[in-house]
Amino acid sequence: VKRALLALLIGASACAAGAGHQPAAVTPPQTPDAPFRTSAPEPEQAARFVPGRVRSLLLGNGIHVFAYARPGELTAVRLSFLVPPSTPIREWRTALPMWHEIVRAGGATSLPPSDLRRRLLADGALIRSSMTRPVVSLELLGRGSSLDDSLDLLASIVTGPLFEEREIDFRKRMRATWLADAAGRPAWVGDSVQHELVFGIEHLYGGSLGEREEDVRAITRQELVRSYESLRNPATMVIGVAGAYDDVELRPTLERLFGSLPPAKERAATAPVPQPVPPATRRLVLVDRPLATTSIIRVGGALPSVHGTEEFAGLVLNQVLGTTGYGRLDDRLDKELALTDSVDMSYWHDSLASEMTIEASVPAARTGEALRAIQDIVASIGRDGVAPAELERAKSRIVAQQAGSFERVSDIAWALVAIYALGDDPQQRIQSYEDRIMAITSDDVRRFAARMLPADRLTTVVVGDTKALRGPLERNGQPITETRNAVGQR
Amino acid sequence: LVCAPRAVAARDPPRTPFPSASVHLPNGLGVVVIEDHTLPVVALQMVYRLDGALSTEGLHLLAPRLMLDSTKHVRRGQYSPLLAAAGARSMSWGATMDRTYFTATVPSNRVDLPLWLWSEQMAFLAPQIDAPMLARAKSLAIQDRRMRVDDVACAVAEAEARSALYLDSHPYRTAPHGVPDSIERVDLDEVRRYLESVYVPQRAAVFFVGDITPEDAVTRVAKWFGDVPPGKPVSFALPESLPSTGTQIVVHANVEAPRLRISWRIPRELDHAFQWEAFEQLLDGNEVQLLVWKFRDELKLVSSITASYTELKLGSVFSIEATVAQGKDPGELLAKIDEFLAKVVDAERSRTAWAVREVARKRAFDRETTAARATILAREWALARPEEDPATVEHFNAATILQLVGLALVPDHRVVIRCDADAGAPIAGVVVSRTADRRVTP
């Protein structure tokens with residue numbers, strides 16, 4: 001590389017001298033204009049990302065495995081538990097976020113280093129855990145293709161976690177700290193109030209504000225163990241593998257480690273989870289933040305889980321609305337009205353629900369104006385759809401970003417699990433992703449927008465100074481339906 | 001390739017744990033490349049090193065907003081839409097006290113697009129700025145300050161801490177926390193002069209990580225930036241003076257409970273980022289929160305408490321911030337924190353050793369994406385300090401950290417800011433007193 005670089009530099013040097021490169025002139029020197037600068041450079045060749053194939057396995061006890069080989073240093077093995085929709089809300093809110101951490105710690109309090117940690121460190125591997133809506137995961141991130149030792153450790157903590165009292169106490173403290181911190185974050189409070197409104201307090205996704213420190217303190221070891229064991233069931237488990245794993249060894253290794261896990265007892269049937277239902281009218285809830293000079297606006301809606309064309313139309317709508325810097329929201333709120341330079345979209349869909357939210361931070365004095373602008377944009381897409389050029393831009397952007405989503409082995413392993421959790425086939429979905437995006441029409445986007453974000457039934461949460469906002473909002477045709485205190489309570 | 005301007009041999013190439021190629025164009029612009037052909041994507045980062053060129057009016061905070069607005073050939077508001085349409089990810093920008101940066105990860109057939117946009121910002125911005133464009137940027141910068149400063153409890157503590165920790169003519173001393181209202185009085189000429197002296201090739205570098213060869217990267221940078229005049233070379237002497245006595249500042253703010261912030265200026269010879277990050281991990285990490293356990297759970301003196309290390313080129317800072325529990329005395333809390341810090345590393349040797357390994361491991365895994373590696377390279381270059389080599393990290397342990405903490409976290413080099421609850425004061429707070437802290441160094 002160095003030799004090639006040197007040759008390049010020597011050659012370039014002679015050329016520059018011949019071209020009469022001027023030394024820096026007196027005040028202020030200007031860069032000469034050139035014809036190639038006048039418009040954005042075009043792509044030089046066609047994009048060339050073609051996703052690889054997903055290998056699908058079924059272990060002897062019924063655990064599904066999806067694997068994606070990719071050269072590199074790292075391999076991720078993600079062992080996920082799919083949480084049934086009938087899970088009681090207390091278990092969802094308090095037990096699940098704690099037990100995945102307790103299981104991950106392998107039964108040994110995080111510090112001082114246990115044998116498990118010493119062995120992992122020697123291996124250069126890492127085990128982490130997460131809860132992403134209806135999926136709880138343990139993930140091994142290791143180096144090299146042979147993960148036998150690290151995988152043995154993962155299997156040992158999955159099959160025999162100790163649930164030591166001191167680890168449970170430690171996690172309770174961590175969870176309580178998290179809750180206390182979250183209550184002080186206006187963005188989290190706004191987000192939680194929004195979820196309570198669009199899903200309802202009985203829905204798994206609607207009850208964040210209901211969790212109290214005393215619930216965390218009160219949970220017992222028995223409850224945690226019972227929750228974990230009911231999910232450690234081949235019927236609710238799926239494994240995603242991505243990276244530089246050894247393809248020949250994959251099945252025998254996973255079969256040896258996880259193939260003999262016995263089915264757990266079936267969970268007792270509980271009441272079905274309530275589905276999000278769009279409200280009958282527009283709602284506007286104010287969360288009070290005295291003296292705030294900036295308001296956080298959240299506008300959104302939720303639906304039962306969407307599939308097929310609707311799901312992909314949602315992805316396209318998400319791009320059309322855009323984020324800070326581009327898209328309909330930014331064009332109007334920033335470039336035309338100079339109301340904000342911070343606006344964001346989120347679109348989430350899983351096997352339980354689909355949800356879309358617009359979030360913008362605006363000067364308090366212009367809250368009503370910003371809210372009206374957002375409502376107009378949503379109404380216009382739900383009524384007229386999107387223009388052909390805008391649609392094509394949004395679709396091309398999604399397709400061009402696909403390669404980047406294969407950068408982290410951890411992201412790939414998660415994608416395999418998440419696709420399966422949605423009831424889709426990972427191989428089929430990854431291969432057909434581009435075609436399914438490109439097939440979306442303006443009418444698909446219009447229909448989806450009208451259903452997800454119905455203009456006359458939008459749910460809005462504004463976090464800001466109630467005293468200052470109430471009058472201007474109401475005068476601006478935005479009647480306030482409810483007010484909450486700074487931590488989101490009525 | 002044939003018409004690329006002359007580039008010269010590498011100058012102070014960053015020492016990094018991963019192999020990179022580094023050259024400078026004749027105008028001083030740096031080019032650093034890591035090849036990785038795993039996927040057809042390239043992470044790019046354009047960085048300007050400020051080296052103390054901070055303005056009390058916050059021009060360094062205003063500049064990137066102007067750069068993103070429009071330039072001679074890029075219409076207003078087209079910067080992000082053009083990148084987004086090309087499938088860019090990790091699009092961001094930022095302005096710290098040490099650097100201004102722009103990032104984008106693009107499909108490898110679109111590398112010229114960010115280079116074009118960034119060369120426009122460097123070469124075709126200053127003469128282009130007119131009054132409406134300046135007004136827009138000012139308005140956005142002021143709005144941003146409202147959100148990040150005016151609406152944040154006791155936010156004045158940040159700038160107040162700097163004014164006590166950096167002495168005399170140190171550039172951080174007077175740098176504002178968010179643009180001040182005086183930005184309104186800044187005129188076009190002043191802004192142009194600032195842009196033309198700071199955002200020049202001599203102070204800048206472009207970083208590439210991904211599906212591109214060093215030769216290709218240099219050729220492209222030369223095409224877009226080769227004709228840009230170099231600007232004045234940066235000659236900057238690091239102001240070394242540290243405070244010789246501590247300072248106590250009292251702030252009144254509209255908060256529910258009093259707060260306490262203690263910030264220490266870390267002497268340059270003790271500023272080893274890796275070890276300070278490990279110390280931060282020990283006090284306030286994901287797995288261990290010794291501060292919370294001690295001061296909230298055991299002593300019940302606070303409702304929340306955090307520790308942070310801020311790495312800065314011209315003098316880093318370590319801070320502890322707490323919200324005092326109902327009815328508790330901030331003075332008692334300060335005394336207990338001093339007591340705790342004097343003993344903690346020695347008392348927690350095995351946890352400290354764990355924290356060292358945790359930081360090492362996190363750094364290793366964080367390098368997976370092209371964007372993360374570009375950020376590491378760019379940060380090293382902007383701060384002019386390479387990240388510690390993983391091999392060196394082996395020598396760090398409780399004893400080395402204990403030594404650092406004992407030498408650096410002393411009352412003489414610190415500022416203590418007490419933020420008292422006052423319903424009549426603004427949320428961000430106002431300073432009511434400032435006194436020397438004559439506490440004797442233990």
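This is a predicted model: local features need pLDDT of at least 70, side-chain atom pairs count only at pLDDT 80 or more; totals for chains, interfaces and linings use all residues.
Hi everyone, some ground rules before the tour. Residues are numbered from 1 along each chain as its sequence is written, with chains lettered from A and ligands numbered from 1 in the order in which they are written.

Let me start with chain A. It has 17 helices and 12 strands, taken as DSSP runs numbered from the N terminus, with helices being H or I of at least four residues and strands E of at least two. Chain A has 490 residues, and 55% of them count as buried, meaning under 20% relative accessible area, where exposed is over 50% and partly exposed is in between, with a 1.4 Å probe and protein chains only. Contact here means heavy atoms within 4.5 Å. Taking the contacts in chain A with a separation of 6 or more, 82% come from residues 24 or more positions apart.

Now to the interface. How many residues of chain B are in contact with chain A? There are 86, and they meet 82 residues of chain A. Together the two chains bury about 7300 Å², with 59% of that on carbon and sulfur atoms; buried area is the accessible area (1.4 Å probe) that two parts lose on being put together, summed over both.

The rule finds three salt bridges across this interface, a salt bridge being a side-chain nitrogen of Lys or Arg within 4 Å of a carboxyl oxygen of Asp or Glu. One of them pairs R220(B) with E44(A), and their closest N and O atoms are 2.7 Å apart. On the chain B side, helix 12 (residues 349–365) gives the largest share of what touches chain A, eight residues. Sorted by class, that side of chain B holds 41 nonpolar, 19 polar and 26 charged residues. Here Ala, Val, Leu, Ile, Met, Phe, Trp, Tyr, Cys and Pro are nonpolar, Asp, Glu, Lys and Arg are charged, and the others, Gly among them, are polar.

A search of the whole structure finds one over all chains, using a cut-off of 2.5 Å between cysteine sulfur atoms. C154(B) is joined to C419(B), S to S 1.9 Å, and the link is left-handed, with -85° about the S-S bond. C154(B) sits in the loop between helix 4 (131–150) and helix 5 (156–165) of chain B, and C419(B) in strand 11 (residues 414–421), so the pair ties together parts 265 residues apart in sequence. Both C154(B) and C419(B) are buried; C154(B) counts as such because its relative accessibility is 9%. C154(B) also has a positive phi of about 60°, although it is not a glycine.

A384(B) likewise has a positive phi, near 55°, in a residue other than glycine. You will find A384(B) in the loop between helix 13 (370–383) and helix 14 (390–393) of chain B.

Last stop, P114(B). This proline lies in helix 3 (residues 112–123) of chain B. Is P114(B) buried or exposed? P114(B) is buried, because its relative accessible area is 0%. Leaving aside residues up to four places away in sequence, P114(B) touches L44(B), L83(B) and V106(B).

Thanks, everyone!

Notes. Side-chain values use heavy atoms; hydrogens and water are left out.
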